[in-house]
Amino acid sequence: MRYVAGNRLTLLRNGEQYFPALVAALDGAREQVFLETYIFADDQTGSLVADALARAAARGASVHLLIDGFGARDFAQRFRGMLAEAGVQVLVYRPDISPWTLRRDRLRRMHRKLASVDASVAFVGGININDDFDTPGQAPPRYDYAVRVQGPLCAEVQDEAARLWARVAAPAAPTPPPVSSRGPVTAFADGQRAALVVRDSVRHRRDIEQAYLVMIDAAREEIVIASAYFFPGRRFRQALLRAARRGVRVVLLLQGRVEYLLQHYASRALYGVLLDAGVVIHEYQRSFLHAKVAVFDCCRASVGSSNIDPFSLLLAREANVFVEDARFGAELRASLEDAMRTGARPLAPQQWKHQPLWERVLTWFGYGIARALIVFAGFERYH
C-alpha cells in the first residue's frame, strides 16, 4: 500500500451529499470521465447522473461508463439510447454470465463505485447509482459513505479506471482508449495522505484484506468497523480477536435489518465468539446499512466498496481509499458514533446467549448453507 501526500479529502455521507458532488464534478468535466458502478438504476438518481454524463460528452469530454453485467443487468434502454446519442461510451463488465448459472466465476463481479473526472477530482466509496430511498418499505435512506478526492491521488484513480476499461474493451477494441495527457496534479500544502487499494483476481487478490489486517494488528486503542455484509474469514476473525485480547476497543456496526435472509443469519453465527472476546457489536436498525468503512486509532481510516465477506475479499473487483489523517479519521469516527447512538441497537452478550431457539436454528442453518457455498466456490480454507 503506497500513500500519496497532498490530497484534499471530503467525506460524503449518503446520496444526499454524494450525488450533488458527483454531478457538480461531471458538469465541470472538460477532457475525460470514467464512472464505474455495480448498480445503475432507472430512477430519479439514475436520470440525474445519466443527464450529467450526456452533458459532459456533449461538451467534448471523452466519457466512459462501466456497469456490472449482474448488478446493472436491468440497465434502462432509455439510458443506453440517450447516452449513445450524446457520445458516451458504455461497457458492461461480464454481461454473458446469467445470474442463475451454476458456475463459480459468475460471482466475479465489478463491485467498485468509482469516478474520475479530468484526473483532478475522483470519488471512491460504496454508493451505487440509485435512489437512497429505494429500499423495502421505503425506510429512511440507506446508510453509506463515499469520499471525494482532490490532489495527486486522482491520477492513480484515473489510471486504475483506464486499465479496467481497456481490459473490458479489449475483445472488441484491441487498441485501448487513450488516456488524456495531463500535467502534474497540484498537491495541497496542508493535504492528507491517502492510498488507493484495489482487489482483483490477478495481481491484487488479497490487497484490501491485507491492508485491513495491517491496520488491525497495528491498532493500540480502538477499531471501529462498519460493514453492511459481514462474514469474515479465519484470518480476519483472528486479527479482531487478537486486538480485543490485547486491550483494543473493537466496535462493529453491522446490518440489523434483514435484507438478504441467508447472509443475515449466516453472519450472526460469528457473533458469539466475538462477543465473548469483548468485541462490541451494534446492529443498525434505523434503515438499511450499506457502509463499508473503518477507523483505526482515530488516525487511519478506510472508505470504499469492499464488504468484509468472501464475495468482496476473494471474488469481486473492489476499490477502497485508505487514509492517514487524524482530522479525517475523527470526522468518520464521530459520524459512526452518531449512527450507533441514534440508529443502532447494541447486542448484550447475555442477551445473545439467551436468544430464542428458532433464531439459533435459523442462524446455524444459514451458516451451514453459506459454508457449503464457500466450498463450492473453492475457498473452504478461507473459513
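## Reading contacts, burial and pairing

Modeller: Let's start with Tyr-145, which touches Leu-11, Leu-12, Arg-13, Gly-125, Gly-126, Ile-127, Ala-291, Val-293, Val-303, Leu-332, Ser-335 and Leu-336, leaving out residues up to four places away in sequence. A contact here means heavy atoms within 4.5 Å. The model is predicted: local features need pLDDT of at least 70, side-chain atom pairs count only at pLDDT 80 or more, and totals for chains, interfaces and linings use all residues. Residues are numbered from 1 along each chain as its sequence is written, and side-chain values use heavy atoms, without hydrogens and water.

Colleague: Which residues touch the most other members of the largest nonpolar core?

Modeller: A nonpolar core is a set of buried Ala, Val, Leu, Ile, Met, Phe, Trp, Tyr and Cys residues joined through side-chain atoms within 4.5 Å. Buried means under 20% relative accessible area, exposed over 50%, and partly exposed in between, with a 1.4 Å probe and protein chains only. In this core of 48 residues, Tyr-143, Tyr-145, Leu-253, Leu-332 and Leu-336 touch the most other members. Helix H4 (residues 153-169) gives the core its largest share, nine residues.

Colleague: How many helices and strands does the chain have?

Modeller: Both are DSSP runs numbered from the N terminus: helices are H or I with at least four residues, strands are E with at least two. The chain has twelve helices and 15 strands.

Colleague: Which strands pair with S1 in the antiparallel sense?

Modeller: Two strands pair if DSSP finds at least two bridges between them. S1 (residues 4-13) pairs in the antiparallel sense with S8 (residues 192-199) over two bridges, and with S7 (residues 145-150) over six bridges, again antiparallel. Val-4 stands opposite Ala-194 in S8, while Leu-9 stands opposite Val-149 in S7.

Colleague: Is Tyr-93 buried or exposed?

Modeller: Tyr-93 counts as buried because its relative accessibility is 11%. Tyr-93 lies in strand S4 (residues 89-93). Beyond its neighbours within four places in sequence, the contacts of Tyr-93 include Leu-66, Arg-108, Leu-164 and Arg-317.

Colleague: What does the side chain of Ser-287 reach?

Modeller: A polar contact is a pair of N or O atoms within 3.5 Å; within protein, one must be able to donate a hydrogen and the other to accept it, and residues adjacent in sequence count only if both atoms are side-chain atoms. The side chain of Ser-287 reaches the backbone oxygen of Pro-141 at 2.8 Å. Ser-287 sits in the loop between strand S11 (280-284) and strand S12 (292-296), and is buried, with a relative accessible area of 1%.
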